[in-house]
Amino acid sequence: MLFVVDATFLPQARAEPAAETKVAIPNFWNPRSRGERVEAPQTGRAVRFLTDDEFPPLHFAGPDGNPTGFVVELARAVCERLAITCTVQARRFDTLLDALNERQGDVVAAAIPLTPTLRGKFSATRPYFRWPARFIARTGAVPEPSPEALAGRSVGVIAGSAHAAYLKAFFPKAVQREFTDLSAAESALRRGETDYLFADGLNLALWLGGFEAGGCCAFTGGPYLENRYFGEGIGLVTRQEDAALSRALDDALQRLWDDGKYAEIYLRFFPVSPF
């Protein structure tokens, strides 16, 4: 489900004061699952969040050197909602789960994909962010994508990617043009050498909002979120024995959505929404 906000009335989300933009905010929460408020377990110490500081806009080092980003600020809002004291420490991405397992932290707040393997070793909240696949095209150049509309049209994909496999399975009449990296595929679309590009929506949103795109292109059609191809997304990860903390985090995330805080944080970091 998507929630569309008119960002005209949200100054932090605007590129220019007079611009009127529509920002699609994803909703990953089931309204039927709401229950009584879940309190965080009292440990007598701060809850230690671990993150990485090299993956903007999800988690990165701010101007003062401290961790920030969508995931980090969402974690801080969760702590405020639960009325608990928290700390946030940045570590190298590939060490986060080991550090959690070794009790050097209590929660991992980073872009670690939720998988059956991860759930077999750790607890995790429901996803608060997912990786949508999206089509982009030159503005006004082609129709919105559908199996019929893409018949005979060229679509750039990254060779060997889940997006290439998805395109082949569900848009069989499209003409795939494979690239070794996303930058080359984006440049080819900008030059008009392909009709569409199908890739990870987050990376495409960053490109569309940057200088390199030069306003050439835009998203077309909706997001594709099939778990089999694009994964479950990301959640807050805890040790299995900290199931009570995980439930409290899950409940807090839903309530942040309910009261609009999730949307506020989302708009701060995604002026061009990948959804």
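Predicted model: local features only at pLDDT ≥ 70, side-chain atom pairs only at ≥ 80, totals over all residues.
**Ground rules.** Residues count from 1 along each chain as its sequence is written, and local features need pLDDT of at least 70, side-chain atom pairs 80 or more, while totals for chains, interfaces and linings use all residues. Side-chain values use heavy atoms, with hydrogens and water left out.

**The sheet.** I looked up the strand order and got S12-S11-S13-S10-S14, an open sheet of five strands with mixed pairing (strands are DSSP runs of E, at least two residues; helices are runs of H or I, at least four; pairing takes at least two DSSP bridges). The edges are S12 (175-179) and S14 (217-224), each pairing on one side only. I also checked S11 (residues 154-158): S11 and S12 run parallel over five bridges, and Val157 sits opposite Glu178 in S12.

**Salt bridges.** I count 16, taking a Lys or Arg side-chain nitrogen within 4 Å of an Asp or Glu carboxyl oxygen. I picked out Arg239 with Asp106, at 3.3 Å, N to O. Arg239 is in S15 (residues 237-239) and Asp106 in the loop between H2 (96-101) and S8 (107-108), so the pair ties together parts 133 residues apart in sequence. Are the two buried or exposed? Arg239 is buried at 5% relative accessibility, and Asp106 is buried at 4% (buried is under 20% relative accessible area, exposed over 50%, partly exposed in between; 1.4 Å probe, protein chains only).

Next I looked at Asp251 and Arg255, which bridge at 2.9 Å. Both lie in H8 (residues 243-258), four residues apart, about one turn of the helix. Shared partners join Arg45, Arg48, Arg103, Asp106, Arg239, Glu241 and Asp242 into one salt-bridge network.
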